[in-house]
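Dear colleague,

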2 protein chains.
Amino acid sequence: MNQVKIFAPATVANVSCGYDAMGFALQALGDEMVFTKTDSNVVTISKIEGAELPFEADKNVAGVVAKLMLEDSKSDFGVDIQIFKKFIPGSGLGSSAASASGSAFAINQLLGNKYSNLELTKFAMHGEVVACGSAIADNVAAAIYGGFILVRNYQPLDIVEIPSPSELVATIIHPQIEVKTEDARKVIKPEIPIKTAIAQWANVGGLISGLHTSDFDLISRSLVDYVAEPARKHLIPHFDAVKNAAIEQGALGAGISGSGPSIFALSKGVETANNVAEAMNKIYKDKNIDYKIYISRISTHGAKIINSVNASL
Amino acid sequence: MNQVKIFAPATVANVSCGYDAMGFALQALGDEMVFTKTDSNVVTISKIEGAELPFEADKNVAGVVAKLMLEDSKSDFGVDIQIFKKFIPGSGLGSSAASASGSAFAINQLLGNKYSNLELTKFAMHGEVVACGSAIADNVAAAIYGGFILVRNYQPLDIVEIPSPSELVATIIHPQIEVKTEDARKVIKPEIPIKTAIAQWANVGGLISGLHTSDFDLISRSLVDYVAEPARKHLIPHFDAVKNAAIEQGALGAGISGSGPSIFALSKGVETANNVAEAMNKIYKDKNIDYKIYISRISTHGAKIINSVNASL
């Protein structure tokens, strides 16, 4: 394979109760990226559309991951990258994770599938260090594995794939404001009451059990966040109104996507997800807040090939 | 039905990572109790074997639960209770929960199955108040539902049944010392670092996922407790040595049963569970510590009827 065009999904990290441990990938929203082998032995970035990101490979998330993998595999070729961002950085939908995991997935294709998904996640985590300063795995793992994932452990890294019921549909509203991950991290207290922690892990257990058995009522009852949401929701305009509107329209639950400002809701079926979108829509329209809205099933495979070229170019 | 003899299982609460939220019931260890309808309209306790417990119904866990249920159901009969304790109070194996849930289960039989398992759990929780001062649900829910359970929420009470792989076998060693639940609670700090909490709920997610998929490696990796075990293990003689011996013999994991002093290990298959028992055995034998040891599969149904009499007595 000499050239591959791939889709790298947007992802929702945390998923209410699963703060810093869970994530899922979207089917209908994500970046497109083209990776082309070159004789140069270096990584170049020739095109970036849809966002202002560095062209210098060492400062670009996708570039850093690509360089690392070409070095690790002692490859005899270089790569040129073109990035077509379909959702903007700072949305809370894993923009840097899409670039990082998309790069890891694509380079692995060019290398003939040398690495496992776990290894790709580790490479992609280096991209997250460039983007936000820490090697967090929830978004990149979701983008690589697809579906719901649990980051059970970091050292060693242990990613658990959790089944996602096919009827599950996400509605996501992205108010066009910036919430810096750093600021969102600052409001989380370094210690939490043991009672809060117990309630949170009981909900993680309920959510994971509900995903395994397609028990939508249990999923709904478990989509509760006692830790991040109460601390962060003031950073997001009209969070409670949007969440309540979603739940009134039948959403199983709603919460902050990653560190925000996007708000996600999960529904059973497309019809409910559409009604939820309309209700979320109305809140921000009435308040004159710029926003984007997305409706998507859960991705079952994460990053994927759109097309590829095998002949030499 | 005029008389029912029942089996009420011993239970392991917490299950390492699932502190105050998970539990499972044993198949081979539990109390026997006989409940007989009387014309008296009161609850009496005519026999207690195997432990020193109060005969006064208002002070006896089984008596309290029986009285409550007869009142709630406006029954026209009284009940006499005989209790045959097969494992002693203070073991960390849910002795009071066996009495409470056994009573709830048996009275429900005499009432013609009026109540759901959730309602029986709520009645049995009143017995736990008498026994230890707080209405904890993990042991009683495990004893009523059987298998693994998750207490997802208290208000309202929400019990989630988690599948237990049939090959799972518990080995339990009970050093003959007393650890008061109250003392064991005191050593748990009221606040924990958010990083510890995240690691704990990631393991809860892993354990529940592993139980759903019979992934024994994942169960093993997830049987980690960062919260109660480090704080409590000094209360249990040679805890680390016993745990390490169990794991060296192939146990998937080991930890404190409830608030101790019993130590449980989980293994795949009876042969490993036997080897684990021998290794645990040896530690306490060498150290001259009195102990009892049990090997048991996971109960699939919780409290159950041994036999019953339908004719008037």
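Please note that this is a predicted model. Between chain B and chain A there are two salt bridges. In one of them, Asp158(A) pairs with Arg221(B), and the closest N and O atoms lie 2.5 Å apart. Polar contacts across the interface of chain B and chain A link 13 residue pairs, with both residues at pLDDT 80 or more.

On the side of chain B that touches chain A, the elements giving two or more residues are β5 (148-153), β6 (158-162), β8 (191-193), α6 (194-213) and α7 (216-222) of chain B. The greatest contribution to that side comes from α6(B), with 14 residues. Sorted by class, the side of chain B that touches chain A holds 21 nonpolar, ten polar and seven charged residues.

As to the extent of the contact, 38 residues from chain B and 38 residues from chain A take part. The size of an interface is often expressed as the accessible area that is lost when the parts come together. Here the area buried between chain B and chain A is about 2700 Å², and carbon and sulfur atoms give 65% of it. Of the area that chain B buries against chain A, 27% is supplied by Arg152(B), Ile194(B) and Trp201(B), more than by any other three residues.

The two chains also meet through strands. Strand β8 (residues 191-193) of chain A runs antiparallel to β8(B), and three bridges join the two. Within this pairing, Ile192(A) stands opposite Ile192(B).

The symmetry may be described as follows. Chain B is superposed on chain A by a rotation of 180° with 0.0 Å of shift along its axis, at an RMSD of 0.0 Å. This is therefore the relation of a two-fold axis. The C-alpha of Trp201(B) is the one in chain B nearest the axis, at 2.3 Å from it. Furthermore, 100% of the interface residues of chain B are interface residues in chain A as well, so the copies meet through the same surface.

Thr272(A) is placed in helix α10 (residues 270-286) of chain A. Leaving aside residues up to four places away in sequence, Thr272(A) touches Gln249(A), Gly250(A), Ala251(A) and Ser267(A). Thr272(A) and Ile6(A) are separated by 266 residues in sequence and by 30 Å in space, C-alpha to C-alpha.

Yours sincerely

Notes
Residues numbered from 1 in each chain as written. Chains lettered and ligands numbered in written order. Predicted model: local features only at pLDDT ≥ 70, side-chain atom pairs only at ≥ 80, totals over all residues. Heavy atoms only, no water. Contact = heavy atoms within 4.5 Å. Buried area = accessible area lost by both parts, 1.4 Å probe. Salt bridge = Lys/Arg side-chain N within 4 Å of Asp/Glu carboxyl O. Polar contact = N/O pair within 3.5 Å; in protein donor to acceptor, adjacent residues only side chain to side chain. Helix = DSSP H or I, 4+ residues; strand = E, 2+ residues; numbered from the N terminus. Nonpolar A, V, L, I, M, F, W, Y, C, P; charged D, E, K, R; others polar. Pairing = 2+ DSSP bridges. Least-squares fit on C-alpha atoms with pLDDT ≥ 70 in both.
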